[in-house]
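Here is a walk through one protein chain, taken one region at a time. Please keep the sequence and the model open while reading.

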Amino acid sequence: MNIFYNFLEIIIRSILRLVRKAPVAIVICAVLLAVVCAGSSALWLKLDSDQDNLISHELPFQKRNLAQIKNFGDQEYMFVVIKTGETEAGKAKAAAFATTLAAKLEKRPDLVKAVHYAMSARDMGPGVLMFASPDELRQFVSLARDFGPLGKEWFESPGLSRFLNMTAGLLSGEKGGSADSEMFGPFIGAVDNLVGEMQTSLTSGPDSESLNAPVFDLDKAGIHYFFTRNGKLLIMRILPKKNFQVMDVIGPSLNFVRSSLETVRAQYPEVDAGLTGRPVLSADEMHTTDQDMTIAAVISVIVVGVLFMFILHGWLRPMLVMGSLFCAMAWTFGFTLVTLGSLNLLSIVFALVLVGIGVDFGIHIVMRYVEAADSGFSPDEAIEEALIHTGPGVMLGGLTSVCAFYAVLGQDFVGLAELGLVGGTGIIFCLISMLTVLPSAMLIAGRRNWFPSSRPRMATMPFMEKVVSRPVAVLLVMGVLTALAYPGFQKAGFNYNLLELQAKGLESVEYEHVLINDSDESTWFAVMTRPDLDSVKSLIAELKQVPSVGRIDSILDYLPEGQQEKAEILRGEAAVLKGINLRPRNNSLVPSEVAASLKNLIAALEQLEEKLFSAGAKKELNQVGDIIDRADACLEILEKNPADAVNLTPLQNRLVSEISDSFAWLKEILEVRSVTPDDLPEHLRSLYVGKDGSFMVKISPVENVWDFDKLTGFVADLRKIDPEVTGVPVVVHESSLLMRETFLQAAGLTIILVSLILFLSSFSISYVLLSLIPLFAGIFWLLEVMGITGLSFNLANFFAIPVLIAIGVDGGVHFLARWKELSEGERLYHTSTPVAVGLSFCTTMIGFGGLLLAHHRGLASLGGIMVTGSATCLVGCMVVLPAVFRLIEKIKGK
């Protein structure tokens, strides 16, 4: 044996001496260190769930992405998608649904930072009139001139009585109003609302919940809802509060939005609406994977535990193996705390990896111990037999497993590199624990004769000797089957579509498809920036010529055209309000005056009733009749008990304040002469103007960019215009390619490192090739099965390949080592090694097999690849490799 293998033996013998000398001290120190590591990690180890930190910040595309986020802020929205049925009635219901939901969401600014679903005149800022056409602007100016004298009259003595009298004058035509004017609908609705509130106040007293609520909600005048161009959907964009210190980044916000959405759905059962968007899809994916992995872990622990107890004839040794594993896991947490300080969304799964790989080291030690004990060895002799004969192989297998993880160190895919560091180091800790803590614990139990009823009995597989007794026939059969399945190998591929990894039936996935299929909206948009408005205009003109580009949003959408002409129309119109004291004044409320004004209003409404009757306007006639009934009820209350008029005081104060504010707003918008980006409200500026003054242009794709080919085409088209384009499509495209490239490099480097280690341990090319037979056969068969069954590699399951490389080589190493130890006439399947190797593969299959039940299709595919790959590597190890051994023996004449 060469120097390298001798060195491994020296290490094992040193460990053996230490274990024999101080087993209790080893176990106590290991447990104490584990407790310290676990406790400190629970207190200080953080979780970094920011997906942007999974990629190196030094990569050009990621630098641009982070700079854009820093400059323009987080604009990753949730989307509430509301179906309209493509009818006006459906649009009205959708608008009511959105308004109700927005009102609920805006009550929790600690969870919801912004809600965008519509835009009113107020939202457009003081320059709102500049967005009207010249003809519309002239009509508005004419209307403002009519309201000027009314404003002067109102502000002489503002109050409820004055408003009712002026309303009566408008309805009767004395103040210039007209019953058949275009303003009739909104105006009569406002009167209806006011009289209704008066009746409520007089009957039940002031409503505390509405003390600060508007009477007419004039701020919503001219509201424009965000319907898609085809009118099929109304879109609400919700910006959630994020917390990257927890796994569920938007958990509280998402739960609040969903509970609010459920409440509003109950109010509007005829409206179809759902929640989607990139943060929602990510959160649902996190929740689904966490739930699926928990179920898989429970299933695997139970099944593996039962299997261990069955194979090892008791529960003590399985408990010692798991205890040693938990020590190693705790040490790994401590290492992560000291070196990284946090776990990311990928490295957090290292514990599952250690359960699948780390426990295999203990299996080989325990099975060899059981074999020795079954042969009559004492506990000390059995431990020596186990460590001396399996220790070097376990260390060699551990090193190959470490290579699979350390192969990604230094990669730009930081999340994967950190998983490699934590996972690889965790395997080293598992190796240390299984070679020190586990033998020490077994030695203590053996010396003290704990649980004598659990005396070990060696498990072997003699029936397999008949299977491999004709090696040429076995290899021919395997070769024919491989050839027949070769077309499947050619079909194996890679699927980049992230949406197809999600669980079926999720609302977020369903409504993402609704957005893709039924609108020009997209939850993904690319971003380009320009320093000035002229270059923004040029860019938009260029983008409109690109077939893959759909919707384009920019600050220009909020800068009106023809401003000079409109400024001429508005010139001097603010003078109609000159000299009016617009400050709200709360006058005392006189019951007799209110009663008199109600009588005037009733009289005017009765006159209007006659006109409507003559015109055959039944709907309007019924509405006016209802107002008269409410006004009569109010009048009756005031006449019976004038003191009840005091209950109308809060309503009068709200009315005066709202009208005063509206006239002040009217004066402000009449004085505007131009609109620049600086004149826009902050909530609009922040969407398109960065902190450095540059302008953002948002570009949505016309096609489904979840399809990677279409995403690639979209990004390529945009880069022809601006190589520095950024945004979600660019980041997803580049990070997907980076992840695939990292996986391929890791797999290739792992093969090279593993082959080098195997060569250094033997200085024999044949030894290396024999050790790799199970791996190469297993991976080739895996690809054939994938092609036949339609299972593809994807961004959720590709890391299975380095793991399969590790466990495939590990099995070959142990089989080869035991074969070389066989004495004259001894057969491989009469030893414990095949059972140990088979058990190692089975624990991996069981551990990942639970994922086959996962709702998340990415995890289910990971389970499928790991189970299939483990099974094919197992066949390569248990059938092909022993057949090759037999063939070699026959050639050598053994």
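Val298, Ile302, Val303, Val306, Met309, Trp315 and Met319 together make a nonpolar surface patch of about 650 Å². The model is a predicted one. Helix H9, residues 278-312, gives the most to this patch, with five residues. Trp315 belongs to the loop between H9 and helix H10 (316-339).

The next stop is a sheet. Four strands form an open sheet in the order E3-E6-E2-E7, with antiparallel pairing. Strand E3 (112-116) and strand E7 (273-276) stand at the edges; each has a single partner strand, so one side of each is left without a neighbour in the sheet. From one strand to the next, the twist averages 20°.

The pairings can be followed across the sheet from E3. E3 and E6 run antiparallel and are joined by four bridges. His116 stands opposite Arg237 in E6. Strand E6 (residues 233-240) is also joined to strand E2 (residues 78-83), by six bridges and again in the antiparallel sense. Here Phe79 stands opposite Arg237 in E6, and Val80 stands opposite Met236 in E6. E2 in turn is joined to E7 by four bridges, and these two strands run antiparallel. The bridge partner of Phe79 in E7 is Thr276. In a regular strand, side chains alternate between the two faces of the sheet.

How much of E2 is buried? Five of its six residues are, so E2 is largely enclosed by the rest of the structure. E3 is mostly covered, with four of its five residues buried.

Helix H4 (residues 88-105) lies across E2, E3, E6 and E7 and runs at about 10° to E6. Helix H17 (residues 507-518) lies across E2, E6 and E7, and its direction is at about 100° to E7.

E11 pairs with strand E12 (residues 695-701) in the antiparallel sense over three bridges. In this pairing, Asp553 stands opposite Lys698 in E12.

Is Val624 buried or exposed? Its relative accessible area is 0%, and because buried means under 20%, Val624 is buried. Which residues is Val624 in contact with, leaving aside its neighbours within four places in sequence? They are Ile188, Leu605, Leu608, Glu609 and Leu612. Leu506 gives a view of the distances along the chain: the C-alpha atoms of Val624 and Leu506 are separated by 48 Å, and these residues are 118 residues apart along the chain.

Notes. Residues numbered from 1 in each chain as written. Predicted model: local features only at pLDDT ≥ 70, side-chain atom pairs only at ≥ 80, totals over all residues. Heavy atoms only, no water. Buried < 20%, exposed > 50% of the residue type's maximum accessible area, 1.4 Å probe, protein only. Contact = heavy atoms within 4.5 Å. Patch = residues over 30% accessible without salt bridge, like charges linked within 9 Å, V, L, I, M, F, W, Y side chains within 5 Å. Areas by Shrake-Rupley, 256 points an atom, 1.4 Å probe, with all protein chains shown as cover. Salt bridge = Lys/Arg side-chain N within 4 Å of Asp/Glu carboxyl O. Pairing = 2+ DSSP bridges. Axes fitted to C-alpha atoms, helices over the stretch in contact; angles between N-to-C directions.
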